[in-house]
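Welcome! Please take a moment to look over the sequence and the model, and then we will walk through them together.

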Amino acid sequence: MKKLLKYIKGYRIVALFAPLFKLFEALLELLVPIVMAAIIDTGITNADKPYIYKSCLLLVVLGATGLAFSITAQYFSAKAAVGFATKVRHVMFDHMQHLSFSVIDRLGTASMITRITSDLNQVQTGVNMALRLFLRSPFIVFGAMIMAFTIDWQSALVFAVSIPILFAVVFGIILFTMPMYKRVQGALDQLLRITRDALGGARVIRAFNKQDDERTEFRTKNQEVTARQKHVGKLSALLNPVTYVIINLAIVVLIYIGALQVNGGKISQGEVVALYSYMSQILVELIKLANCIITVSKSCACANRISAVLDLQNDLERIPSAPAKTGMDFIVFDHVDLKYKNGGENALTDICFSVKKGETIGIIGGTGSGKTSLVNLIPHFYDTTGGHVYIDGVDVKALDVEQLRERIGMVMQKAVLFHGTIRENLLWGNPNATPEQLDAALTAAQATDIIKDKEKGLDTMVEQGGRNFSGGQRQRLTIARALVRNPEILILDDSASALDFATDAKLRQAIRQLPGQPTVFIVSQRTASIRHADKILVLDDGVAVGLGTHAELMDNCEVYREIYDSQFKKDGASA
Amino acid sequence: MRKITLSTLLRYLKKYKFSFLATLLLSVATVLLTLYVPILIGRAIDNIIAPGQVNFASVLRILIQIIVLVGITAALQWIMNVINNKLTYHVVRDIRNDAFEKINRFPLSYIDSHSHGDMVSRVIADVDQLSDGLLLGFTQLFTGIVTIIATLIFMLVLNVWIALAVVLITPLSLFVAKFIATRTYSMFKLQSETRGEQTALINEMIGEQKTVQAFSHETENLKKFDEINKRLQNFSLRAIFFSSITNPATRFVNSIVYMLVGLLGALAVISGNGFTVGALSSFLSYANQYTKPFNEISGVITELQNAFACADRIFHLIRRPTEPADAPDAHVLKQVHGHIVFDHVFFSYRKNHPLIEDLNLHFKAGQRIAIVGPTGCGKTTLINLLMRFYDVDAGSIQIDGQDIRSVTRQSLRENFGMVLQETWLKNTTVKENIRMSKPGATDEEVIAAAKTTHAHSFIKRLPNGYDTIIGEDGGSLSQGQKQLLCITRIMLCKPPMLILDEATSSIDTRTEIKIQRAFQKLMEGRTSFIVAHRLSTIQEADVILVMNKGRIVEQGTHASLLKRGGFYAELYNSQFAE
């Protein structure tokens, strides 16, 4: 929380003035019962009409001045809260964009999004509320008590006793029921899950005739929600009646003491009315204060979650640049280990291989064998936990991350497109690409027909997540995007899985003929996609179990042969 | 506001009509009592005039009256709240139960074509809104109106002229609130639009951050973000500021009312026609209270409208037609051999978009039928029809000579073992998930089934073995592991007919080969339908149906289709293309 406060800096003055003006307003409000008491005691008792007119005019002036103060305060607090939130939002977005992959994995993108959206909105509301009410409400409550003391200290003792009791009751009930409401929410989440399952799993539920079980489960949980709601409802239903009783008992005592004091000549009738008015004011403000405290404490929790993100550092290792080692191939994996921060086992163990400029390397293996982990080390998305990855003889950890990644065309497993035109998406690869370059990339990626059918061609809009394109179309467009930058290194991470075999083959053909002759990494589960690579690396459970050409591996690598056979054997006989 | 929504709501309330009546009565009672207390306090004050002029006996009597009344009021208020809660939560429970009941019986065509998120939010969020707004809101509205009317009467009894002054000025605060609200509305709309725009950008760029970093696109994103952020700041400031004027403004109107009551009251006391200082103090207290229900009502009415819209949405869902019930004379499908006939079947998902036309197929018991074709060609349609997820438009499908519409859905489905590409696991233990297909199965049977599918080895390595709880959405299991569990289910129950719809698509080819052996064994003597895009897995099928654009374009065995050199041969050979 404290760390976030520094972002309010630019708004320090307004943030100070907002509660101050609120305070002025509260002060004026506290004067009203005194003026009214004077009307009764002086005006009515002496039948002094001019005095009554003057006092009423004063009441209007007090109200109008209060209005002016209050509006000023509202403006200042809104300005401070919104300005603060805007600033924090900017800082957070910037910060989040520069977190390393391992931090992103740990935090999860969904949680990051919640923090920058709903958490931050909650903080904005909290700051706004705090500036407006945190001083005002206690000031009115205690102010009323102090005013009571100025009238008559014996009567004021009633205030001194009833305020703490009211405070305890209001907070007690609210604090006690808060965790109960949370449990209601938890039970409700279960209902939500069952409903979602019933829809998403409709086929399976019906295939296994499980409708009755689902219904029973839903009804049980639903009953549980209802029971919890009723339980907490009974307690919260106490708040109004109990405070009502306390405040009225206090008024009864106040009037009785007032009667004694008036009889003794210590105070006047008008002052009894004033004391009664003050007592009536307290409850409303106390409830406001309680709600304010709850909002603010929720905001504090949100603020802490935000601070936690801001505290995370990009933990990519940087080492000072050293002169390039000579006599090395273009890309070298030198005894590389990789262990994810939250995973138990090594994802990669002791990987060694080297690649010459312009070569094509196939990487194959079952699901979870470490193929993606391996290629993710080339753009330094993750740190190796053992060994080194060298590009041109320099450890990637010594290279500037941005410059390194600009040399690489990466096509990830998940084909992601962004909201915007196709052209804008392609320009991600290279903002300065000419139309001819875009065309060439689309042709090589076998994506021209996607554009051809569209009325607006390259200016066709891509909806969020690219959902107006099929999986295969998205894959080809993401490949084109990577090719637009004319990369030195091209990484295709299982990025042709949605393409049919013929298109896949044409794509590989086109990539081989690219003018820039990039070094290409192809990750695939299909032997057909990689069998013609210069070198094939076979992974099994994070360990390299084979390295060589297709022919060599068929000869000496059992895992490779098994994979190949599982896809080709029977055809071999018949084709 | 639609009548039907209101009548549906009333139907739900009917069951609780006594509770409903009780809350209404109690609310009238508490309002009247609450308003009577200031009058008593006023009378007490009238007995405290000046030194020596205090009537202690009267004061004490009145104070005791107050204590009793306050006690009764508080008790009634609590009872009212509790009854009202019960009423609200029970109605909500009933509505949700009905909604879920419907969801369980919706035709698949409805589920497939409508957003699940939307339906879920109707059952959860909309019903919540309904309970908050419509039920609690209604009592608030009712209490508010009673309070206004009762206060009015009490004030008129005390003094007509002052009462009129209060009545005339108070609505001013409503106008002020309304005036501000309409001015603010456009700002709030702009704010939420801009916020939506910003959230979309955040979702995209933070959600797909890895791609962003791979293309070093951070600076451009930040620029775009800041532009939106700037606009948002502008709109938010205005929306928050304008809306926050309402409170001080209505407070100002209140203070005017207060002043008027003081002025007129003081003059009335001086003129000496029976209006006392105590009455003035009661009036002052009313003047403070009178504006409150007005302000509340204006809030409640928008909430009521909103809640009504929510009620409309949830009732709309509940009113949707469900799957047609089984035929009244439907019998249980028993002792199936697996002889399946598609007889002049016509079917389409959308009217005027014919898909399957006059389809005739005959499968002998125990045959293995493979369905192949490019994505979206309608392979799953046949399965939807076989399982009666959808019904044919014309013609019929028969199993062992019986139209599948003449048997109960339950018995039809029991005879099929189905594994889909999309896995679906429940939030319970591995063991229970497998046992789903055969509730009485022993642990030994479960383990034996898992061994045949090679799921045993990974289950063993889970933290609690077969008792490991699978988290929501399958938690930490890989897609391939989830498919293995779903296959194991089928291995356990061994139904007479099988449907494997891309059942091994996420399992790597090496493991797949091993599972194939288990499948081969299971399929012996069982009529089986296999949908696959890996052609290597289906070559041994007795019949291969080749589909394209919803039609069956070729059928035959692997060898005969290859020889024919048609669509299948083309598909097949493209696997080896260079």
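**A walk through the two chains**

In chain A, 78% of the contacts with a separation of 6 or more join residues 24 or more positions apart; two residues are in contact if their C-beta atoms, placed from the backbone, lie within 7 Å. This is a predicted model, where local features need pLDDT of at least 70 and side-chain atom pairs count only at pLDDT 80 or more, while totals for chains, interfaces and linings use all residues. Residues are numbered from 1 along each chain as its sequence is written, and chains are lettered from A and ligands numbered from 1 in the order in which they are written.

Let us stay with chain A for a moment. Chain A holds 21 helices and 12 strands (DSSP runs numbered from the N terminus, H or I of at least four residues for helices and E of at least two for strands). Its radius of gyration is 36 Å, well over the 25 Å from the globule rule for 575 residues, so chain A is more spread out than a compact globule. That radius is taken over C-alpha atoms, and the rule is 2.2 Å times the number of residues to the power 0.38. The C-alpha trace of chain A spans about 115 × 60 × 50 Å along its principal axes.

Now for the meeting of the chains. Here 118 residues of chain A are in contact with 114 residues of chain B. On the chain A side, H3(A) gives the most, with 22 residues. By class, that side has 58 nonpolar, 40 polar and 20 charged residues (Ala, Val, Leu, Ile, Met, Phe, Trp, Tyr, Cys and Pro count as nonpolar, Asp, Glu, Lys and Arg as charged, and the others, Gly among them, as polar).

How does helix H3 of chain A pack against helix H9 of chain B? H3 (residues 49-97) of chain A and H9 (residues 218-271) of chain B make an angle of about 165°, with their axes 8 Å apart; axes are lines fitted to C-alpha atoms over the stretch in contact, and angles run from 0 to 180 degrees between N-to-C directions. H3(A) and H9(B) are therefore roughly antiparallel, a term for angles over 145 degrees.

Finally, find Val92(B) in helix H3 (residues 56-105) of chain B. Val92(B) is buried, because 21 other C-beta atoms lie within 10 Å, and buried requires 20 or more. Val92(B) touches Val127(B) and Ser131(B), leaving aside residues up to four places away in sequence. Val92(B) and Val127(B) are 35 residues apart in sequence and 6.5 Å apart in space, C-alpha to C-alpha.

Notes:
A residue is buried if 20 or more other C-beta atoms lie within 10 Å of its own, exposed if 12 or fewer, and partly exposed in between; C-beta atoms are placed from the backbone. Angles under 35 degrees count as roughly parallel, over 145 as roughly antiparallel, 65 to 115 as roughly perpendicular and the rest as oblique.
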